Amino acid sequence: MAGSMQGAGSYSPPIGIIRLWIKCAKDVKNVEATLGGKSDPYVRVMLNAVTMARTEVKNNNLNPEWDQIVYVPVHSLRETLYLECMDYQHLTKDRSLGFVELPVAGLAQQTDDERLPYVGTGKRDVADPIRLDKGQFKGELHYTAEFVPALALQGISFQGVDDIQRAIDRAKGAHEDEEGFASGDESSVSSSDEEIQRVPHEITVNAKGHRVTNHKRVKGADTVTTAQTEQAATDTEGSDLDDETPPEEHKGGVQMSIEELLNQQSGILVFNIMEGHIAKKARLEVLLDDGYWPVFGTEKARSTQAHWDQVGEGFIKELDFGRVWLRLNENDEGEKEDIIAELKISAKQFLEEALASPKTFTLTDQDGKNTSTVNIQAKYVPVEIKLDPRESINNMGILRVELIDGREIHAADRSGKSDPFVIFSLNGSKVFKSQTKKKTLAPEWKESFEVSVPSRVGADFSLEVFDWNQVEAAKSLGLGNIELADLVPFETAIRHIPLSSPKHGDKGFIQIHMLFRPEIIAKARTKTSTFSTAGRAMTQVGGVPLGAGRAVGRKIGGLFGRDKDSSDDLPEVPALPAVTEDASAANGNGTANGSVGSAAGIAIKPPGSPAPGPGTLKVTLHRAKDLTGVEEGDVAKPFVILKIGDKDHKSKHVKSNTPEWNESFTFPNTSTEIRTLHVTILDRKTFGKDPILAEGTIDIWRYIQPLFTPPILSAEVTAELNDKSGVLQLRLEFEPAQNTLARTISTSGGSSLAASQKLPSPSRFSLGRRPVD
């Protein structure tokens, strides 16, 4: 069955998870040498020839460092994980760079404990040689593996859909090629040039979760079975673990009420996607937390009355902060995503609604159209795991920085003064540049910006003060490091950052204010052939960044582009992530839901967040760049169409591949009922249809925060458009209707920031002790 290892009637419950810290690889095979380049490696974790997890791609690197943690549920000591290094290919299929084997039996053992029938045998720090074809080796993969047991919970099973109903559903799609909908996992070739590969006849899934019967021949997609991993998978069944008692045959086990389950912060979310009434024929995908890649995807429905009966899994790290994202993708695997409807819901609410019995969830598109319903039943298997602080979801979020002033800055000019400006950097990427203040050693800026922090524990955040010079390059006046790990979320921290320079010594300081808001940061992913079937895996979780993630940011104070008073432009800043969600629980309509609490049992009621009233939104178009839709050698005439709801505006066209418009448009009666600003950049043609150069969406209320104290009513936005087709810079300004802002703030019992500052300290969010005043 496409997108599933097991149907509902043959589901085998997990015995635990494998926690994999994939660190780095050394001297991997270079498959780009003939073209003068280097491999673009990533690691995917395979189980039973299905991709279960994967890291990010490291471009042009034979010694990649990933530093990511992934979690893979396992169901038997017989299973073996295969960690396969792959070379990312933009146009063709990704190529294998070799693999290493990781038997589950080497990390766990069976016990007589009815509560935890399996236990781990300890962490394994491994530097395995990477195996190629014909017994050859090239490079080493460095990782740490650990088995974490799951509770032997009773009642982890589902009733299968009647075979008659399944036959009826198949009959509705009889016009489609039955060969393309074979019941087995589709496969693609990564280590060969073949486009079609026959899955071994003896492999399928039986009632115990082992693969034993035949599949049909299917066309290659992305869940690959390379020559190495396929052969190794068949070897596993001949192991010496025949005496293992399957999990479903344990007579004991733990009984827990729904209330007790919901108090368990970490566990394996098991969901049976049963059926649905959908607007168009599509595949249902399930994403968790940061939404890096689907943990599960069904086969494409053959009609709008879908009958799936497929079971998937995913690991929930922190139930109070977890998110479940259901979406209907109309396109087939391997094609550009076409999401026709979706629903984002807190993991806790998802379980509350679907644990006791099947629940019908309603999905819509961003404009409230394409309404679809899906019927899902869920189970939750607690896992007793102690998360490292950097694995916590509240370790990621949005950092707001206010640059206040400086004192005792080094004098660089003959006049005894300097012309200072400040550049902030996060993890090696420059994220903000201030204005230049002329002829002063005590500059006052009062500028602010926000930056997305993938991991505040592992963040390398710093500022550097420069002296502007009209003739020469700017000279450094001092560097200061900024610690983020000890920030208490939702509480403003005032810091005086001392400046140090090898040339001038320790002299001067910069005053900044910082406020950290935990949010789930949705990581952008590169489109690759292997991505198209990661969703076919029954269990897969996106990696958790341990070290330096890419810095992403946006500027609130000041102007974009060249500072006329500075000699240097701010280098390229990666765009903001396309999707972010508040870390506090939210229901499908975006409203607050319940309280948030830690694994230690501390519960904090999140501040109220009433929706701001209507007002006028002003959108100022600045400029665009990196428009990939412009053909090489051509000069385009780009113009922009902005659309909010049923209102749209069209800009003038500019003859340039890096156009600047500097036009403003207003959208009256804008409210949170419509969150999305749709942006389309087209090329003006004298004859014929104007082709689309780039398009994308911007979440308005992600940037505008009328209920903050003080309210954020304007923001400079740098948006990366769909499929990395371009970058658009614009400004949003919101003017609430008369008395609307005051009314909404007063009815909320205080702003979200003001209320949150009343939280007890040390906060449940805190990863370290609060600094002493």
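**Briefing: buried cysteines and paired strands**

Cys85 is buried (under 20% relative accessible area, with exposed over 50% and partly exposed in between, using a 1.4 Å probe and protein chains only), its relative accessible area being 1%. The model is predicted: local features need pLDDT of at least 70, side-chain atom pairs count only at pLDDT 80 or more, and totals for chains, interfaces and linings use all residues. Residues are numbered from 1 along each chain as its sequence is written, and side-chain values use heavy atoms, leaving out hydrogens and water.

**Cysteines**
- Cys24 also counts as buried, because its relative accessibility is 12%.
- The structure has zero disulfides, a disulfide being a pair of cysteine sulfur atoms within 2.5 Å.

**The open sheet**
- Four strands, in the order β36-β35-β38-β39, make up an open sheet with antiparallel pairing.
- β36 (647-650) and β39 (692-699) are at the edges with a single partner strand each, so one side of each has no neighbour in the sheet.
- From one strand to the next, the twist averages 15°, with axes fitted as lines to C-alpha atoms and angles running from 0 to 180 degrees between N-to-C directions.
- Strands are DSSP runs of E with at least two residues, numbered from the N terminus, and two of them pair if DSSP finds at least two bridges between them.
- β35 (residues 638-644) is joined to β36 by four bridges, and the two run antiparallel.
- Ile641 has Lys650 in β36 as its bridge partner.

**Strands β13 and β16**
- In β16 (residues 305-316), 11 of the 12 residues are buried.
- β13 (residues 267-277) runs antiparallel to β16, and 10 bridges join them.
- Opposite Phe271 stands Gly312 in β16.
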